[in-house]
Amino acid sequence: MTEEINKCIEVLESGGLILYPTDTVWGIGCDATNEEAVQKVFQLKQRDDSKALICLVANDAMLEKHVEKVPELAYDLMDLATKPTTIIYDKPRGVAKNLIASDNTLAIRVASDKFCTYLIGKFKKPIVSTSANISGVNTPKSFQNIDEAILKGVDYVVNLHREKQNSSASSIIRLSNDNTVKIIRE
């Protein structure tokens, strides 16, 4: 796993894209602080850049570094969640401008699997995580179902967990600083 993490970091630091197993589905990733890298993700997915992307952080400390104020409720939601849960926060900071939605929010998930947690922890920056598919096409449930265009469009494909059948995408909850909670995806 260390070798895979080191290869990923090399690609991420040079502004490249990785294809990697996440705590949910296979994801396309890049340095979440690099605007040009984020733009490459939008281009590869053929996705309108007004549609926001998710980013992963390694732990609560990294989350707090990239959100102006993490509502207390967010910690309860993460602790009580029975599956990976992405939370949309107000006023993100320290990430690429084109990663932030027009309403000044950002969807962030604290990674729950070992590979992602180690990778992000060693990289010391958030990593974009968006499903490994062309926009409008179904999310692949396994590595074998990933479109050839995606495989060829990234700079590095992680050589781990390729046989794993992925469950489903994360839950997405919008959590405003006024403690308004809205479930976007269960």
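Reply: Ser 171 is in contact (heavy atoms within 4.5 Å) with Lys 83, Pro 84, Thr 85, Thr 86, Arg 185 and Glu 186, leaving aside its neighbours within four places in sequence. The model is predicted, so to speak of local features takes a pLDDT of at least 70 and side-chain atom pairs count only at 80 or more, whereas totals for chains, interfaces and linings use all residues. Residues are numbered from 1 along each chain as its sequence is written, and side-chain values use heavy atoms, without hydrogens or water.

Ser 171 belongs to strand β8, residues 171-175 (strands are DSSP E runs of at least two residues, helices H or I runs of at least four, numbered from the N terminus). With a relative accessible area of 12%, Ser 171 is buried (under 20%; exposed is over 50%, partly exposed in between, with a 1.4 Å probe and protein chains only).

Now for the helices: α1 (residues 2-13) and α5 (residues 114-123) pack at about 50°, their axes 10 Å apart (axes are lines fitted to C-alpha atoms over the stretch in contact, and angles run from 0 to 180 degrees between N-to-C directions). On the α1 side, the contact is made by Glu 4, Ile 5, Asn 6, Cys 8, Ile 9, Leu 12 and Glu 13. From α5 come Phe 115, Tyr 118, Leu 119, Lys 122 and Phe 123.

As for disulfides (cysteine sulfur pairs within 2.5 Å), the count is zero. For Cys 8, the nearest cysteine sulfur is that of Cys 116, 9.2 Å away, and Cys 8 is buried at 0% relative accessible area. Cys 30 is in no disulfide either, with the sulfur of Cys 55 nearest at 9.5 Å, and Cys 30 is buried, at 0%.
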